[in-house]
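Please read it alongside the sequence and the coordinates.

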Amino acid sequence: ESHSRSRLVIEEEDGSPPPPATGKTRRLNWRVLLPAAVAVLALAAGGFWFFHRAPRLTAKDTVVLADFANTTGDPVFDGTLRRGLAAQLEQSPYVNLLSDQRVAQTLLLMARPRDALLTQQLARDVCQRTAGAAVLTGAIAQVGTRYLLTLMAIDCASGESLASTEAQAGDKNHVLDALGKIASEIRSKLGESLASVQKYDAPPENVTTPSLEALQAYSLGYNAMVIRSDGRAAIPLFQRAINLDPNFAMAYARLGTTYFNWDQPARATENLQRAFDLRERVSEREKLYIAAHHADIVTRDFEAARKVYEVWAQIYPRDEVPLGNLGIIYGFLGDYDKALAAHQGAHRLNPGSGNILNNIVVAFLQLNRLEEARAALREAQALHPDAVGLHTHLYTIAFLQHDAEEMEQEAAALMGKPGWEDSMLFYQSDTAAYGGHFAQARDLTRRAVDSARRADKKETASAYTAAAAVREALAGNPALAKQHAQAALALAKGRDVEAISAIALGLAGDPAQAAQLAGLLGKNSPEDTIVQFNSLPAIRASNALRDDPRKAIEALAVSAPYELGQTTQIVTFCLYPVYLRGEAYLAARQGAAAAAEFQKILDHPGLVQNEPIGPLAHLGIGRANALAGDTGKARSAYQEFPLAVERR
């Protein structure tokens with residue numbers, strides 16, 4: 001079946017295209033034939049529903065949305081109407097559309113391209129393979145300047161018609177209005193209550209855009225982002241949609257999310273803030289999407305984000321997105337058992353999602369459940385053999401299991417891969433520093449920064465430089481630490497970069513600039529969970545550590561509820577409040593308290609991974625036990641320190 005045929009207007013046809021019509025014939029067809037045809041169809045439909053009342057769907061049934069059959073010859077409708085209709089139907093808590101990710105996964109299992117045109121028959125095949133209940137298949141036809149949109153729900157097993165509706169548009173500019181009309185009507189005919197339809201029924205110009213061209217660009221960007229997992233390709237398409245309609249809220253939101261996933265938080269923040277400013281007229285589901293990402297990316301108020309995702313999951317219980325993102329939020333809050341449970345809940349809703357499996361791998365790593373992480377990785381690789389980013393997790397597991405040969409293999413797999421090479425190079429630089437090979441670490445950091453800049457990831461390159469500054473400060477190289485911190489701040493600004501640089505400057509003996517950065521961070525990010533409960537206390541502690549360790553301990557008191565939480569997705573930078581508290585207790589000559597803090601670091605290898613504070617925790621425990629008078633434990637810890645370094 002092709003776009004040249006309409007399966008909804010005429011149920012049986014020989015497949016031959018209609019003869020070309022003159023202008024007069026077109027006017028005659030529209031004024032005389034079309035109303036008659038519509039009347040006949042209405043009578044036929046009425047008789048059908050009187051004699052054969054097909055059962056309505058239930059809230060648990062899954063529906064597959066096919067592409068529109070487009071007989072107009074205008075390519076602007078190709079793919080665009082399907083995405084517009086999906087956005088309308090996704091408002092509904094009742095109609096359960098099979099997600100585009102699930103459709104793509106099923107098409108791959110059928111040896112079809114993941115972005116194949118979903119004809120009515122192919123949609124039925126997907127529906128049957130996923131145990132769905134119905135297929136929604138639409139068509140658009142043009143007569144003169146007017147357009148007829150039709151939509152039919154069919155039983156995916158029998159092909160029997162369950163419901164149908166249609167709407168006319170006076171011209172091209174009103175096609176999206178007609179699309180909204182048939183979306184609302186089909187929801188009612190499929191069994192959704194009138195109250196629900198009225199409550200969750202924002203008009204198309206709010207849900208998407210009044211511009212067909214902007215919706216077309218957005219649809220292409222959505223396909224690149226969601227179906228092909230190609231954020232690089234999605235970015236210019238979302239930007240084009242915004243250029244065509246500067247008030248397109250969801251285009252800003254998707255662009256912001258894409259930038260965030262590509263480690264460009266400053267650009268992400270800018271676009272998500274714009275989406276948030278435009279959020280009042282969007283649908284309820286889109287409002288939740290925008291509010292949640294504004295909370296977890298722009299303000300980084302993770303308690304607020306958690307509440308939004310919980311409401312989202314309650315209204316739309318079959319949507320895996322809020323559960324998956326709840327898992328990430330729990331990671332930032334430091335509750336990794338809840339994070340894993342949320343990701344596993346999302347996995348049950350969408351077992352083929354590569355992103356969800358990736359997050360399950362991360363959660364297992366964070367809990368130091370390495371064999372389960374490997375099992376999840378094998379599942380992810382089987383489903384998504386082209387997901388090159390999984391090599392970073394395999395590298396981390398190999399590091400934690402002291403397998404140098406596998407580490408080399410996984411690192412080699414990402415060399416030359418734009419967008420991934422820089423990440424692996426920085427992993428390797430951390431590993432080199434962990435083992436005390438600082439010259440090698442500096443060279444690998446330089447290469448990582450260069451690779452990130454070539455990939456247009458300036459903030460990522462800056463974060464690498466800032467983290468390297470902290471490494472140098474911890475190794476007792478204050479001049480180099482200050483140099484790296486200044487270079488990081490000159491390269492790109494951002495909360496993570498400023499926070500890590502300030503910690504480096506504090507440790508390196510530049511309290512004035514560290515305090516200045518802390519002041520700006522506190523002022524500009526008053527709701528930020530990471531800044532307020534992790535970064536600022538760590539900066540203040542690093543400043544006070546040498547001269548007033550008790551003040552450092554006091555500054556870190558507010559970190560306790562969140563001290564195990566993630567702080568950035570760009571680099572591994574965890575547990576610094578814990579490490580600095582341990583150092584402060586050492587400086588205050590409280591050996592037992594210091595040992596307890598350093599032990600927290602050793603108890604969480606899946607969080608610390610190859611951070612420099614990993615081997616330093618062994619040294620800290622040795623010093624703490626010596627202070628406490630336990631020479632036996634001190635000796636063991638001192639002996640463990642070189643072993644911890646060398647076996648990597």
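Which residues are buried in helix α19 (residues 404-414)? In this predicted model, they are Glu-406, Met-407, Glu-410, Ala-411 and Leu-414. These residues cover an arc of only 135° around the axis, so they sit on the same side of α19. Turned away from that buried side is a face with the exposed residues Glu-405, Glu-408 and Ala-412.

The cover over the buried residues of α19 includes three other helices, tabulated here with their residue ranges.

| Helix | Residues |
|---|---|
| α17 | 370-383 |
| α18 | 390-400 |
| α20 | 421-434 |

After α19 comes Gly-416. The phi of Gly-416 is positive, near 85°.

Next, a helix pair. Helix α29 (residues 591-602) packs against helix α31 (residues 613-627) at an angle of about 155°. Their axes are 8 Å apart. Because of that angle, α29 is roughly antiparallel to α31; the cut-off for this class is over 145 degrees. The crossing of α29 and α31 is left-handed.

Which residues make the contact? From α29 come Gly-591, Ala-594, Ala-595, Phe-598, Gln-599, Ile-601 and Leu-602. From α31 come Ile-613, Gly-614, Ala-617, His-618, Gly-620, Ile-621, Ala-624, Asn-625 and Leu-627. By class, the contact of α29 with α31 has ten nonpolar and six polar residues. No charged residues take part in this contact.

Technical notes:
Residues numbered from 1 in each chain as written. Predicted model: local features only at pLDDT ≥ 70, side-chain atom pairs only at ≥ 80, totals over all residues. Heavy atoms only, no water. Axes fitted to C-alpha atoms, helices over the stretch in contact; angles between N-to-C directions. Helix = DSSP H or I, 4+ residues; strand = E, 2+ residues; numbered from the N terminus. Parallel < 35°, antiparallel > 145°, perpendicular 65-115°, else oblique. Left-handed = near helix turned anticlockwise from the far one by under 90°. Contact = heavy atoms within 4.5 Å. Nonpolar A, V, L, I, M, F, W, Y, C, P; charged D, E, K, R; others polar. Buried < 20%, exposed > 50% of the residue type's maximum accessible area, 1.4 Å probe, protein only. Arc of directions from axis to C-beta.
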